[in-house]
Every structure is written in C-alpha cells, then in structure tokens.
Amino acid sequence: MSTTAWTPHKSSQLVAAALAVVLSAPGVAAADSPKSGKDATAYYISLGDSLASGYQPDVNQDTRIAYTDQLYAQLKQRQPGLKHIRLGCTGETTASLLKGGTCHYPNARSQLDAAVKALAKHRGHVSYVTINIGANDILECADDTTGAIDQNCVNPAIQAIPKNLAEITRALRQAGTQGTQYAGATYYNPFLAQWLRGSAGQQTAQGSVGLVKSENGAISQVYAAAGFKVADVAGAFSSDDVTPVSVPGYGEVPANVATICRLTWACTMRDPHANPLGHQVIASTFAAVLPPSGIPQQPGHANSGNAQDTRGNHPKTNANLAQTRW
C-alpha cells in the first residue's frame, strides 16, 4: 500500500469541470409552479450514506438517532404535517448513489433515482432535500488497522467525488422546484483519532488534514454552484482547531482530536461513525442553514401534528462493511 503524502494536484481543474456540469443543468434557476392536485402534504427527502441512515456500531445497525431524524423533528416544528422520505444507505459512495448496487429501493435503480422519482411524484410539495455523500469514496482507501491512506487509491477517488456530486446535485435540482430548500454537508475528519495511536498514527492524522480540507472545499463549491446551502459539519467538529487541550484518559491532545473523540466512535470503538451527540451536532448544523421553505402549508394540515417518517430503502446489513465505512 502506498501511503505517500497527498497533494491536491489538478484539484482546481477537477472542481471547475464539475461546476461546469452543474451550471449547464437546464432549469436549475427556473421557477416552477407547484402542481395542483390532492397532494397537500409537504415532504423532506434525505439522501446519504450511513450518517443519514443512523448506523451505530455499538448495536451494529441503522438507528433512529440519525441526524436526518433529528433534523426532521426540527423541521416539522416549522411545518407540522411534514413527512420524511428517508433514503440514506450504509456504505453508499458517490458512484453507488448514482448507479445503485448497495441498497434496494422499490421501483428505483439507485438512491438518486428514488429521490428524483419522489421529487417528481410530489412535485411542488417537497420542502427540503438534504444530502451527505463522499466519505466512503475516501474511506475505501484507508487501511482498516492503521488508518493509513493509500495514495494510489485516493487520487482517483478525489477526482471522482466532485464529478459525481455535480451530477447528483444537478439531477436533484432539475427534479425540484423553486420552493424547495437544498443543503449538503461537508465531512468531519475521522482520521484524526489516529493521533492517539503513537507517532505513526499522529503522522496519519496530520497527513489527513490537507486531504479532508481540500475535498471539503471541492464539494462545498459544487454544492454552492448548484444552489445548495452548505452545512459546515467539518467546522462544527472543529476540524482545523489544533489548540492543545487536556482530555481525561488521553492527556494533552489537539482540540480537533478531542472533538472527534467526543462526537464519534473513532476513539472508543475505532469506528468513524458519529455517536448520538455527533448526530445532534450535525442536525443542528443543517437546521442553521435551512430557511423556511417556499412550499405553502395547506389549510387543514398546518396544525395536524401527524408528521410521518417514511423509510424509503431496505439496507443490506453487512457488519464488516459498516465497521469501516459510512
């Protein structure tokens, strides 16, 4: 495995190419009128990997503590009667979200296809769409034991992420309407937990900072170009804060390492997933950038309080996969 230092060569060209895909999308900025008909319900559609599906390693399954579920609870305070179409899939990459193969969606070939079909079915009534994707593209390149990143693997991955994400965001925007609010997340850096594992681990942690920061910058540009709000999860997890702090049981560590230990399972179970508190932070980060939607609340539904959460996928349980991927 090659673990040489990562350098962001050709990064600006790759992002520019991805942005061209987004900006060439017909109808991205066009105003669309909500369809008429009997569908008076408002919807929130969530897409993503196992952060969106709430995977927790202590129980080895998806759970309802997911940030998407917590965000949904906050959003339905604004829109009582809001329904949640929950599409997140453990192990999903940008490529599989586009093409399928990880989770099964009834009458859809992929998670993106399921989302686009839901947007079409409820056209004019989808208030919010959120997404987090891309972490597994990089985690596939990390050694399960040491966390060391394989340079030969990661270079193609960092090229594919913004390209695939541009295609994903374009399709979502084309399928939505002007009243729909969109938001996508940056990623926290789970490799920081390697800091606790000696000098080699500290090298891995330090070397990961540039990689994750650069990739977060690239996906933020793609999101912004597509008209998505950017939920800065990396910032909420203090990813760049190296101020020394004292942590019981670990001694003095950089603040970003301490935060990863507090908000994820990376230090206690050597698992990259956010813990319940981490999901709460992610939900709040999304909520902060999502303004009230432009989808009107229909009379008779505004005070119903009967919001429903519709699970849209059938995840395949794979403990080994889930231990090392989001």
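This is a predicted model: local features need pLDDT of at least 70, side-chain atom pairs count only at pLDDT 80 or more; totals for chains, interfaces and linings use all residues.
Residues are numbered from 1 along each chain as its sequence is written, and side-chain values use heavy atoms, with hydrogens and water left out.

**Exercise 1.** Determine how helix 7 and helix 8 pack, and which residues make the contact.

*Solution.* Begin with the geometry: helix 7 (residues 151–175) and helix 8 (residues 198–225) pack at an angle of about 20°, and their axes are 9 Å apart. Because angles under 35 degrees count as roughly parallel, helix 7 is roughly parallel to helix 8. Next, take the contact (heavy atoms within 4.5 Å): helix 7 contributes Val154, Ile158, Ile161, Pro162, Leu165, Ala166 and Thr169, while helix 8 contributes Leu211, Glu215, Ile219, Val222 and Tyr223. Finally, sorted by class, this contact has ten nonpolar, one polar and one charged residues, where Asp, Glu, Lys and Arg count as charged, Ala, Val, Leu, Ile, Met, Phe, Trp, Tyr, Cys and Pro as nonpolar, and the others, Gly among them, as polar.

**Exercise 2.** Describe the cover of strand 5 and its pairing with strand 1 and strand 6.

*Solution.* Consider burial to start with: seven of the seven residues in strand 5 (residues 126–132) are buried, that is, under 20% relative accessible area with a 1.4 Å probe and protein chains only. Then turn to the pairing, which requires at least two DSSP bridges between two strands: strand 1 (residues 43–48) runs parallel to strand 5 and is joined to it by six bridges, with Tyr44 opposite Tyr128. Strand 6 (residues 181–185) also pairs with strand 5 in the parallel sense, over four bridges, and here Ile131 stands opposite Gly184.

Definitions and conventions:
Axes are lines fitted to C-alpha atoms, for helices over the stretch in contact, and angles run from 0 to 180 degrees between N-to-C directions. Helices (H or I, at least four residues) and strands (E, at least two) are DSSP runs, numbered from the N terminus. Angles under 35 degrees count as roughly parallel, over 145 as roughly antiparallel, 65 to 115 as roughly perpendicular and the rest as oblique. Buried means under 20% relative accessible area, exposed over 50%, partly exposed in between (1.4 Å probe, protein chains only).
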